[in-house]
Amino acid sequence: MAGTGTSPLNRAEHFIWLTARVLEQRRFAHHFLEGSADAVETALAAYLNEDGGYGHALEPDLRGPVSQPLHTAHALNVLDSIGRCGGPRAERICRFLTDVSTKEGALPALLPTQRGYPAAPFIPIVDDPPAELLVTGPVVGLLHRNAVWHAWLFRATDFCWSAVESLDRSHPYEIEAALAFLDGAPDRARAEAAADRLGRLVREQRLVVLDPERRADYPVAAGYAPGEQHFPYDYVRTPDSLARAWFTEEEVERSLDHLASEQQADGGWPVNWRQWAPGTALEGRPLVTLKALLTLRAHGRSID
């Protein structure tokens, strides 16, 4: 029977079938049970709006039907994970990104159309939201990595270079976004130089827990929830990331040991960000669980 074994994967499978949305169930089946990519894309289509963007709480911390850049970035990640981030799909999404971009040609985190629908209190709704690396960086990096070419990318790429190369104080999620851009940026020499500088910044500003056994000794970024810290694996999701050069072999392996140990008795991994509504926490855990399993497998850890 599915999910009844004692391996990390078996335990996670039971958790996914018990708690996850259809989309995360289909994604799990695709990545670990030889399920079809078509089924993932069909599940994802339920979140698609007529304007070409995605909504309907695809990103659990934003509720309601309206399209938002964060939802659409999430959708791109799903399409990328099944090898379908290109062609008419990418063209449609890029048209939406063009329509919602700021005067800089980049993406805000949240459009004012969210007003009136529930949203996490740590994502402010403003009338004229600024462009943010936090959402633009991962989208641009992913599209470049998939060799997507669209007019929207030109100014958005310039925005990302300017934002990344001017960072002097930051926080972990912004570093993740910068790294996602650099891992996909076509100018590899420039990306490597920028990543090298970011790696030094991460260590100097202590934006990573290098020793999980001394977790309390590392600061939590302003505005983050207690315990909302990053570890080397949060930056090095795959061994070929530019962030791999930021850490020693021991530091990476120790963080992966910690990630593996975080699996809970019910088979899922915990969320560490601020939980503001029961439904968002429930929907967030399967996402975190999928990410943990994929990270461990990418680094050659046995999960079967």
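In which helix is the place of Ser 255? Ser 255 lies in helix α11, which covers residues 249–261; helices (H or I, at least four residues) and strands (E, at least two) are DSSP runs, numbered from the N terminus. The structure is a predicted model, in which local features need pLDDT of at least 70 and side-chain atom pairs count only at pLDDT 80 or more, while totals for chains, interfaces and linings use all residues. Residues are numbered from 1 along each chain as its sequence is written, and side-chain values use heavy atoms, with hydrogens and water left out.

The chain contains 12 helices and 0 strands. Its pattern along the sequence is α-α-α-α-α-α-α-α-α-α-α-α. The radius of gyration is 19 Å, close to the 19 Å that the globule rule gives for 304 residues, so the chain is as compact as a globular protein of that length. The radius is taken over C-alpha atoms, and the globule rule is 2.2 Å times the number of residues to the power 0.38. Along the principal axes, the C-alpha atoms fill a box of roughly 50 × 45 × 35 Å.

Of the 304 residues in the chain, 53% are buried. Buried means under 20% relative accessible area, exposed means over 50%, and partly exposed is in between (1.4 Å probe, protein chains only). The chain exposes about 13800 Å², of which carbon and sulfur atoms supply 53%. Accessible areas come from the Shrake-Rupley method with a 1.4 Å probe, and for residues only the protein chains shown count as cover. Among contacts between residues at least 6 apart in sequence, 62% join residues at least 24 apart; contact means heavy atoms within 4.5 Å.

Helix α3 spans residues 37–45 and includes Glu 41. The buried residues of α3 are Ala 37, Ala 39, Val 40, Glu 41, Ala 43 and Leu 44. Their cover includes α2 (22–32), α4 (69–81) and α5 (87–100). The side chain of Glu 41 makes a polar contact with the side chain of Arg 84, at 2.8 Å. A polar contact is a pair of N or O atoms within 3.5 Å; within protein, one must be able to donate a hydrogen and the other to accept it, and residues adjacent in sequence count only if both atoms are side-chain atoms. Neighbours within four places in sequence aside, Glu 41 is in contact with Leu 79, Ile 82, Arg 84 and Arg 89.

Arg 89 belongs to helix α5 and is partly exposed, with a relative accessible area of 25%. Residues up to four places away in sequence not counted, Arg 89 touches Glu 41, Leu 79 and Arg 84. Arg 89 and Leu 293 are 204 residues apart in sequence, and their C-alpha atoms are 27 Å apart in space.

The loop between α3 and α4 holds Ala 46 and also Ala 57. Ala 46 is exposed, at 57% relative accessible area, whereas Ala 57 is buried, at 7%. From Ala 46 to Glu 91 the separation is 45 residues in sequence and 19 Å between C-alpha atoms. Ala 57 is not a glycine, yet has a positive phi of about 65 degrees. Arg 206 is not a glycine either and has a positive phi of about 55 degrees. Arg 206 is placed in the loop between α9 (188–204) and α10 (232–235) and is partly exposed, at 37% relative accessibility.

Ser 255 in helix α11 counts as buried because its relative accessibility is 1%. With residues up to four places away in sequence not counted, Ser 255 touches Phe 231, Pro 232 and Tyr 233.

Leu 296 is found in helix α12, residues 278–298, and counts as buried at 3% relative accessibility. Neighbours within four places in sequence aside, the contacts of Leu 296 are Leu 256, Leu 259, Ala 260, Trp 269, Arg 301 and Ile 303. The C-alpha atoms of Leu 296 and Leu 256 are separated by 6.9 Å, although the two residues are 40 apart along the chain.
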